[in-house]
Amino acid sequence: MLPEAFDAPFMQRALLESLMLAGLAGVLGSWIVLRRLAFFTHGVGTAAFPGLVVAGPAGVAPQLTGLAAALLYAGGVEWLGRARRVAVDAATGLVLVGALALGVILASDVFESGAGVDRLLFGSLIGLSDRDLWLTGLALAAAVVLHIALRRSWLAQGFDPGTARALGIRAELADRLLLLAITSAAVVALDAVGALLVTAVLVIPAATVRLVAPSVATLQAGTAVLAAVEGVAGLWLAYELNIGPGPAIAVLGGALFALVAVVTAVARRWT
Amino acid sequence: MSGSPVVVEGLAGGYAAGADVLRGVSFTLEAGTITAVLGPNGGGKTTLFRAMLAELPAQRGVVRLVGRPAYVPQTDRTRLDFPVNALDVVLMGAYSRTPSWRRLARADRDAARACLDRVGLADAARRRFGALSGGQRQRVLIARALLQDSPVVLLDEPLSGVDAVSAARIDAVFDELRAERRVLLVATHDVEQARRWDRVVCLNGEQVAFGAPAEVLTTAVLRSTYGAELVVLAGGERAVAVDHHSH
């Protein structure tokens, strides 16, 4: 029932990967848009980029160095947000530009690596290893467990942060674990969609469904389905057009978001 | 005095060490009373509540309460774009009773509906919180506090900018809570309202006065509470605080 493109083993691996990423999008993407962490998510992906570049020459898993770089970034943003000494958005922008530049310099001048900057930035269909798939599965399992354990904290703290503690909720730890889960999700998504396009899978589907979803549960279910459809269609497009899957998924997702945004805006005006 | 449900002694504090927003606050409240917390914007009403919730980053002095107080924030502190309905919001009042991985108890769901009914919104349970009117949203937040079933309830300007129907309903709920022997602290700008309640705390960076409305609500006290914001009407007996809202 699948198109011919998915006959090849590497495409079946890519398919499995994108379905697991759709699960992550469903569980965490919803919290990313509800808790206004879309830019944070984008930042984590970009910050991981120099980590990915050094992984090859260092001979370690790119997820490991990517995660280290991303955690450094996430910890920094979290600390800046609490310290309130600098404007967080300006500092974040600075770090992101720095990370991108550092990654490019490391890749082209220092290591002259064959890693391929465009592959690290925009993802690749080929070469997904068993380890990549297992790590994505692990991140998905962890995200599901955290969601089940902490969803009410995330909801109450997001809805009305001033009252969460009075409701008996310890939000600080829960929020840090949410950032950790998002960071892990972004890092395992890097192999498929690339450092610059993590939001294509973790944010755009959730932002699209958000326009119509009446509850958190429908937002999550709808996002998982939409991310799966966009992921599979994006893979097929990437295969047929011989482009990276990241851009294909991002363009599809962006177009659909625009369509839904226009339709809901028009519908609201006419009702 | 140890039997009183709310004891505050020599309370001072603020949002950073060495930068007190509030000083010299001392009062004792008995069960079954409503206390108005009067003061200008920035006078320390919300800060007092933060201190009573033990959430003020820097605080000194004594705050002794029975149980964990319920808190009703100003409605503009909530996110109107969240995909939650009125019942979802009320149910947050039961979160501390059930671990997140377990379904909320049937009894809590029934109790949440009963709380919505008490604030006159039984029919709005399934309506999106953000689609309700300001007064209705305020009543939903009060219903959430009702579900918490706390002996002490702190309400931050629950009557500011609400419609007449909501205001009447909220007033009625206050009377019920007083009859249930709970302690209510209500931040308000409305001096006339404060006259109808049992105690008044006047704050202007520090405690200006505390006591029964008849003793406290004099022109002199209101003048030191509100400073230049105060407008005194003819006769000198009736004073109205002009509300410069800026949020």
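In strand 8 of chain B, Cys202(B) is the bridge partner of Leu38(B). Strand 3 (residues 33-38) and strand 8 (residues 199-203) of chain B run parallel and are joined by four bridges; strands count as paired if DSSP finds at least two bridges between them. Strands (E, at least two residues) and helices (H or I, at least four) are DSSP runs numbered from the N terminus. This is a predicted model, in which local features need pLDDT of at least 70, side-chain atom pairs count only at pLDDT 80 or more, and totals for chains, interfaces and linings use all residues. Residues are numbered from 1 along each chain as its sequence is written, while chains are lettered from A and ligands numbered from 1 in the order in which they are written.

The open sheet of chain B comprises six strands in the order 5-6-7-3-8-9, with mixed pairing. Strand 5 (70-72) and strand 9 (207-211) of chain B each have a single partner strand, so one side of each lacks a neighbour in the sheet.

Helix 3 (residues 106-118) of chain B has 13 residues. Within helix 3 of chain B, Ala112(B), Cys115(B) and Leu116(B) are buried (20 or more other C-beta atoms within 10 Å of a residue's own; exposed means 12 or fewer, partly exposed in between, with C-beta atoms placed from the backbone). The buried residues of helix 3 of chain B line one face because they fall within an arc of 100° seen down its axis, the arc being that of the directions from the helix axis to the C-beta atoms. Exposed residues Arg106(B), Ala107(B) and Asp110(B) lie on the face of helix 3 of chain B turned away from its buried side. Just after helix 3 of chain B, Gly120(B) takes a positive phi of about 80°.

Key. Expected span 1.5 Å × (residues − 1).
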